[in-house]
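Dear colleague,

I am handing over the structure below for your reading.

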Amino acid sequence: MDSITYAPATGALSSMWLLVAIPALSATVLLLLGRRADKWGHWLGVASVLASFVLGVTYFLQLRGIDGTGNKSLSVDLFEFIHIGDLNVSVGLLFDPLTAVFVLLITGVGFLIHLYAVGYMSHDPGRRRFFAYFNLFVAAMLLLVLGDNYVMLYAGWEGVGLASYLLISFWSDRPAAATAGKKAFLINRVGDVGFALAIFLMFATFGTTNYADVFNGVLASEAGQTVSAGVLLAMGLLLLLGACGKSGQFPLQTWLPDAMEGPTPVSALIHAATMVTAGVYMIARSQVIFNANETAQTVVVSIGALTLLIGCVIGCAKDGIKRVLAYSTVSQIGYMFLAVGLGGGAYALGIIHLLAHGFFKAGLFLGAGSVMHGMKDQEDIRRFGGLWKYMRITWATFGLGYLAIIGIPPLSGFFTKDPIILAAFNREGWTGWLFGSAALLGAGLTAFYMTRLFVLTFHGRPRWQKEGEGGAHAASATDAHGAHADAHGAAIARTEDGRDIQHPHESPWIMTVPLMLLAVGSVAAGWLMSTSVVDWLTPVFGEHEEGHAHLTHTQVTIATVAVTVLGVALGYLLFRGGTSLVEQPARTHLVRAARNNLYADRFNELVFELPGRLLTRALVWVDNRGVDGIVNGLAAAFGGGSGRLRRLQTGYVRTYALSILSGAFLIVAALLAVRLG
Amino acid sequence: MNDIQLPAIDYAALLPMLIVFGAACVGILVEAFAPRGWRFVIQVSLTIGGLVAGLVAIIVNRDLEITTIGGAVTVDGPGLFLQGAIIILGIVSLGLIAERRLERGGPFVAEAAHAANSDGDKRQEREPGATEVFPLTLFAIAGMMLFCVSGDLLTMFVALEVFSLPLYLLCGLARRRRLISQEAALKYFLLGAFASAFFLYGVALLYGYAGTVSLTGIREGVLQSEQSGILLAAGLALLAIGLLFKAAAVPFHVWTPDVYQGAPTPVTALMAACTKAAAFGGLLRVFNVAFETTAWDWQPVLATVAILTMVVGSILAVAQTDIKRLLAYSSVANAGYLLVGVVSLNGAVGSSLFYLIAYGFSVLGAFAMVTLVRDSEGEATHLSRWAGLGKGSPLFSALFTFLMLGFAGIPLTSGFTSKFALFSSAWDSDQSVLVIVGVLSSVVLAFPYLKVVVLLWLNPPGEETPTVSVPSMLTRAVIFAGVAVTFVLGVAPSFLLDIVADAGPFLAK
């Protein structure tokens with residue numbers, strides 16, 4: 001690959017900082033004005049994102065106007081951020097084809113979500129605050145994709161993390177939401193450690209964190225072997241750790257489904273369509289680093305394949321409509337990781353799947369929200385059924401999203417998932433068969449659990465009681481899934497046989513219009529993306545090369561469609577007659593494991609939380625009792641009796657002095673040892 | 001009989017310190033001669049005037065690089081920067097010390113020596129506080145300034161005592177919870193004296209080794225001395241212990257939580273910001289000037305101390321239930337990050353100086369906000385009492401949340417830029433292990449900060465939620481300065497980084 005240069009931005013593009021500044025300003029205004037802005041605040045939020053979208057389209061058109069040979073990567077240097085010693089980090093922005101598609105996705109889908117939220121949050125007293133956080137999120141996400149160096153990427157990265165934390169715990173009076181917010185924050189911090197260390201490593205190796213300089217450094221080292229392969233591998237793996245944290249990939253996937261505690265489904269959406277794709281963006285952006293190291297790529301592919309299967313398996317076992325969609329997100333991002341890990345032309349495949357996923361998953365989540373809106377915030381699919389008669393627009397748009405995600409031709413999922421499976425099969429050697437089969441199996445499982453979701457929600461006999469029918473007197477019982485269901489505080493009344501009493505209805509236009517627009521995207525975008533977007537991204541990723549052909553395109557297409565149809569048929573046959581109202585006892589280990597999220601939480605608890613807690617307790621003990629405590633404790637242990645162990649209170653000066661003295665002794669001894677040894 | 005040769009004295013170089021010391025002495029005279037009713041106003045204006053004049057003198061001196069009074073004082077770029085930092089942070093913390101609206105008569109009592117709960121002690125509860133705190137603060141600040149520009153170890157020792165003694169006294173003056181305040185003062189004094197003894201013994205051994213106590217003399221002595229290396233190693237270790245005690249590094253941190261908790265919060269703020277700057281100013285100077293050439297000997301030991309400090313500080317911060325103790329342990333962990341800068345020697349002097357300013361302002365803001373949460377017993381520092389404050393006092397909670405996020409190192413706060421600058425220059429100086437531990441421990445350390453944020457916003461208020469008092473302009477100004485600097489240094493840190501870069505290395509000639 002030739003060396004990478006960014007041309008200075010001219011014309012309209014030199015004002016690309018406005019993209020970030022407009023939503024950031026709007027967020028500031030909304031937060032600072034407080035309740036004074038309650039009446040019109042949400043419209044300001046919508047308008048600011050619309051303005052960003054219009055700007056994004058303008059910039060996109062300008063970039064498209066540059067003819068074939070021109071440099072399509074335009075950067076603008078705003079000001080010097082940190083300058084110390086050799087380190088020079090500037091606030092600089094970059095607009096290239098890859099950034100362009102992300103800007104359009106973020107502002108476009110973001111605008112529709114904002115619009116939808118105006119309706120969805122209309123009864124919430126915190127609506128203005130919600131829009132402030134939402135604007136903050138858009139600004140941070142745009143900074144993330146626009147930055148021209150890794151520090152800017154990191155700043156946006158932490159910004160979206162903060163915004164997502166605020167949004168997840170938005171309904172802070174619900175303990176589950178507060179816990180989920182904390183979990184998301186902490187697991188993301190684990191990933192961030194990797195990212196931060198990668199940045200330091202880059203700075204130490206190449207003396208810079210600018211994309212162009214780092215990538216050119218990597219390219220030069222490939223030619224001259226100036227940088228050891230180990231360093232590049234470490235860099236790749238550390239970046240990957242960051243990406244796994246943000247994108248909910250194995251082993252850091254557990255926070256993502258919990259994040260669905262946020263205001264349904266609006267903030268859930270940023271955890272589906274936009275923010276969680278940041279990891280994919282980061283790997284695609286760092287393609288030069290990953291290309292230079294095959295081991296790092298193999299790790300990315302393996303994590304993608306593993307996560308996509310984990311997501312599918314757990315998705316089959318969940319009953320909450322948002323939970324299933326959340327695990328399907330985990331699984332679909334697995335596909336994207338698989339694609340970007342394959343390298344070469346498959347980068348573009350990962351990106352187009354990301355874009356298509358952005359549309360259909362947004363549609364599905366907003367559809368889920370629309371269902372819950374009409375069903376008193378119930379989210380248990382066991383308690384739905386036959387809803388297609390009552391909410392036709394939601395049914396139709398959700399159905400299109402459903403067909404798109406399982407990859408029925410000619411909807412978008414088919415055009416984007418199919419090439420990924422093909423590319424996986426055509427990886428060199430036996431691993432091609434392995435990863436290809438995993439991707440194929442995932443397609444079948446996706447078809448199965450999505451069919452289950454769709455059929456149980458919209459078809460079959462209603463498993464609820466219509467209000468004022470059947471002469472049932474309402475036995476007021478709290479819902480078993482109370483924590484999820486009573487988002488707005490109202491328990492749902494029940495009939496005697498345990499069914500919900502419902503009054504299903506279609507959502508208002510402000511919610512259905514975004515649904516329809518997204519459905520159009522799910523239908524039409526696929527074909528568009530599989531050709532023109534791949535061409536559009538060529539300046540960034542290079543030409544697509546055909547790999548070793550284990551299987552031909554036709555064979556893979558037939559196999560994929562066959563597996564998908566099989567999954568749909570199985571799902572339909574099993575669930576057309578509905579299901580019981582409550583979860584049945586698990587008969588096999590697999591079902592039990594899947595219902596427990598494959599024990600990932602239990603694993604984290606045992607491996608990370610428990611030792612951490614023990615270490616803390618031990619340190620507190622030592623710190624409270626000082627060296628005295630240890631000495632006496634040892635004396636007691638050797639003397640064989642707890643009677644000797646004097647109970648020591650905290651805070652005696654002599655204890656402290658002894659601690660200092662022991663420290664002093666150790667330091668003197670250590671220095672002498674170094675000196676003499 | 002030989003005439004004693006008086007060394008040449010460059011008064012211009014000493015001017016900033018002379019001004020502050022002079023103002024402190026005038027302050028004592030004010031106590032003696034000014035009428036009681038006037039003292040407070042006179043002292044506040046005198047203190048602020050003295051500090052501002054000192055700051056102006058430092059700015060005038062900014063390009064000075066000179067060794068004077070026979071090598072006792074070395075004025076150089078980093079020294080002047082540290083002096084300026086201490087004065088600025090001192091002026092800001094003065095806003096808390098002079099606050100008289102939150103508590104009738106101010107946060108101090110008139111006499112520290114009354115036994116707790118005795119009649120005399122109860123009587124002075126309603127009386128206005130001592131105005132001697134102002135000259136005491138000035139003496140402490142002037143001592144810190146001298147500490148940062150000491151050219152030899154004896155001057156450094158004198159400066160150490162000059163700034164420590166007023167602090168011991170100030171710790172015991174809290175108006176509320178007299179008992180733990182007195183306990184804190186006594187503990188700090190006893191342990192401080194203990195650490196001073198180590199320092200002095202180290203000086204003696206080093207004198208035995210190099211035949212001089214001047215820092216540059218020791219630097220040369222390392223190359224030429226024929227004495228045993230044991231003297232050097234033991235002397236260095238004992239000297240370092242004295243300094244690490246003031247810097248609150250593990251295992252010499254034991255006093256920190258008790259003293260931070262017991263001292264009047266304005267004094268805690270002063271210690272967290274200014275004493276930290278002075279202690280690290282001293283550490284940086286000693287290791288960069290006197291022991292740079294023996295770095296191979298002490299770097300592994302000091303690196304171990306840094307790791308211990310980061311790990312222990314951050315993990316113990318998780319377990320705290322009192323906001324002042326939490327901030328104390330967070331200050332221990334931050335001492336660990338700064339030690340990374342010390343171990344990295346010349347490469348990280350600039351970013352360490354930057355870190356001291358950034359941290360100093362954030363911590364002043366945080367402690368200023370701690371003084372506002374009160375009930376009838378005074379400050380309510382137990383974290384359980386802070387639950388649900390966000391409902392009733394959204395502005396307070398938002399600002400405190402911002403400071404907590406700053407401590408946690410989120411971008412767009414000075415916590416991020418300062419850690420980033422420090423860690424990247426340390427990594428560049430081949431201290432990658434320390435950086436990895438630092439980044440990991442900062443993740444752990446984010447947890448207690450987050451806990452406070454969750455508590456403020458998400459937990460239901462307890463039965464007796466304390467109120468957030470409305471302070472006078474002084475405390476408001478402190479909070480504003482803390483928050484504003486945390487933000488500005490997070491967004492546009494380059495102007496300060498340029499100043500730090502211009503300060504150059506320590507003068508080692």
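Which residues in α14(B) meet which residues in α20(B)? Please note before the reply that this is a predicted model. On the α14(B) side they are G350(B), S351(B), L353(B), F354(B) and I357(B), and on the α20(B) side L496(B), L497(B) and V500(B). By class, this contact of α14(B) with α20(B) has six nonpolar, two polar and no charged residues.

Helix α14 of chain B covers residues 349-370 and helix α20 of chain B covers residues 494-503; their axes come within 9 Å and cross at roughly 130°. At that angle α14(B) and α20(B) are therefore oblique to each other. Their crossing is right-handed.

The crossing in which α5(A) passes α8(A) is left-handed. Here Y150(A), W157(A), V160(A) and G161(A) of α5(A) meet L239(A), G242(A), A243(A) and K246(A) of α8(A). The classes in this contact of α5(A) with α8(A) are five nonpolar, two polar and one charged residues.

Also in chain A, A423(A) belongs to helix α17, which spans residues 412-425. Leaving aside residues up to four places away in sequence, A423(A) touches L342(A), A346(A) and L349(A). For a sense of distance within the chain, the C-alpha atoms of A423(A) and V46(A) are separated by 40 Å, and these two residues are 377 residues apart along the chain.

I turn next to the interface. The size of an interface is often given as the accessible area lost when the parts come together. Chain A and chain B bury about 5,400 Å² between them, and 81% of this is on carbon and sulfur atoms. In chain A, the residues that lose the most area to chain B are F200(A), I660(A) and R675(A), which together account for 13% of what that side buries. The contact draws 52 residues from chain A and 67 residues from chain B.

How many salt bridges does the rule find across the interface of chain A and chain B? The number found there is zero. Over all chains, the structure holds 13 salt bridges. One of them joins E103(B) and R374(B), whose closest N and O atoms are 2.5 Å apart. This pair links distant parts of the chain, 271 residues apart: E103(B) lies in the loop between α3 (77-97) and α4 (119-123) of chain B, and R374(B) in strand β3 (residues 373-375) of chain B.

V250(B) and P251(B) are joined by a cis peptide bond, with omega about 5°. P251(B) is located in the loop between α9 (229-247) and α10 (255-262) of chain B. A248(B) is placed in the loop between α9 and α10 of chain B, and phi of A248(B) is near 65°, a positive value in a residue other than glycine.

With kind regards

Technical notes. Residues numbered from 1 in each chain as written. Chains lettered and ligands numbered in written order. Predicted model: local features only at pLDDT ≥ 70, side-chain atom pairs only at ≥ 80, totals over all residues. Heavy atoms only, no water. Left-handed = near helix turned anticlockwise from the far one by under 90°. Helix = DSSP H or I, 4+ residues; strand = E, 2+ residues; numbered from the N terminus. Contact = heavy atoms within 4.5 Å. Nonpolar A, V, L, I, M, F, W, Y, C, P; charged D, E, K, R; others polar. Buried area = accessible area lost by both parts, 1.4 Å probe. Salt bridge = Lys/Arg side-chain N within 4 Å of Asp/Glu carboxyl O. Axes fitted to C-alpha atoms, helices over the stretch in contact; angles between N-to-C directions. Parallel < 35°, antiparallel > 145°, perpendicular 65-115°, else oblique.
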